[in-house]
Amino acid sequence: YGQRFGSLLGKHWGTRLLVNTGGIRHDSGHEDQNGNHYDARLKTGAGISSLFDYYPSLDSGWHISGGVILSRIKTDLSGRPDAQGNYSLNDHNYSAAQVGTLTGQMKYDPALIYLGGGWESRPSDAKGWRFVSDVGVFVTGRAETTLSSTNAGQKEALQAELDAESGQLNKRGGGVMVQIGAAYAF
């Protein structure tokens, strides 16, 4: 749903509410996080975007957008030991045999800040079907990270190191978002 503000703020301004019913899964490959190597898989879910648009020209569909996106984003981590067969947990080295299988998950705050721009194939006040697109960047809040290993249940000290390491991985995230679709204006 989109609406120009008209005389309230001027015809150059508008707002859109977008519903994304899909999600993506992406193997982001090999990542280094805090001295460890991980195979990472990014997963996003359905979401809702509330965007404010500025149309520099009333005769074109070009716009600059900013707003908030609500969507679930998480990254599954699968640890890999270094070349010597070790993991670095909370600045202490542990052998792969001591740790076992290292896995984790980073869950981001569902509220994302978005800034981008896009194009519509017809001016926003024209009636009928149109192609719409947006490209921009988003920034997330800090991730809530949990790490676990198959041998942590047997060693309390190892679990404490995993918990401390998890806290060091609670970083902000960001990315690029591309949206394409169709719209109909009444």
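Asp 91 is exposed, with a relative accessible area of 65% (buried means under 20% relative accessible area, exposed over 50%, and partly exposed in between, with a 1.4 Å probe and protein chains only). Asp 91 is found in the loop between S6 and S7, and its phi is near 65°, a positive value in a residue other than glycine. Asn 90 has its place in the loop between S6 and strand S7 (92–95). The phi of Asn 90 is near 55°, again positive in a residue other than glycine, and Asn 90 is partly exposed, with a relative accessible area of 22%. Most residues other than glycine have a negative phi.

The structure is a predicted model, in which local features need pLDDT of at least 70 and side-chain atom pairs count only at pLDDT 80 or more, while totals for chains, interfaces and linings use all residues. Residues are numbered from 1 along each chain as its sequence is written, and side-chain values use heavy atoms, with hydrogens and water left out.

The protein chain has two helices and eleven strands. Helices (H or I, at least four residues) and strands (E, at least two) are DSSP runs, numbered from the N terminus. In order from the N terminus, the elements run β-β-β-β-β-β-β-α-β-β-β-α-β.

The radius of gyration of the protein chain is 22 Å, whereas a compact globule of 186 residues would have one near 16 Å. This radius is taken over C-alpha atoms, and the globule rule is 2.2 Å times the number of residues to the power 0.38. Along the principal axes, the C-alpha atoms fill a box of roughly 65 × 25 × 25 Å. Of the 186 residues in the protein chain, 37% are buried. Among the contacts (heavy atoms within 4.5 Å) with a separation of 6 or more, 69% join residues 24 or more positions apart.

The largest nonpolar core has 23 residues, and those with the most contacts inside it are Leu 89, Val 99, Leu 102, Leu 147, Leu 158 and Leu 162. At least two residues of this core come from each of strand S4 (36–54), strand S5 (63–80), strand S6 (86–89), strand S8 (102–108), strand S9 (111–120), strand S10 (128–149) and helix H2 (156–168). A nonpolar core is a set of buried Ala, Val, Leu, Ile, Met, Phe, Trp, Tyr and Cys residues joined through side-chain atoms within 4.5 Å. In soluble globular proteins, nonpolar side chains tend to be buried together. With its neighbours within four places in sequence left aside, Val 99 is in contact with Tyr 87, Leu 89, Tyr 94, Ser 149, Thr 150, Asn 151 and Leu 158.

Lys 74 is found in strand S5 and is buried, with a relative accessible area of 18%. Beyond its neighbours within four places in sequence, Lys 74 is in contact with Arg 41, Leu 42, Lys 43, Gln 105, Met 106 and Lys 107. Lys 74 and Phe 5 are 69 residues apart in sequence and 35 Å apart in space, C-alpha to C-alpha.

Gln 105 is found in strand S8. Apart from its neighbours within four places in sequence, the contacts of Gln 105 are Lys 74, Thr 75, Asp 76, Glu 144, Thr 145 and Thr 146. Gln 105 and Leu 147 are 42 residues apart in sequence, and their C-alpha atoms are 6.7 Å apart in space.
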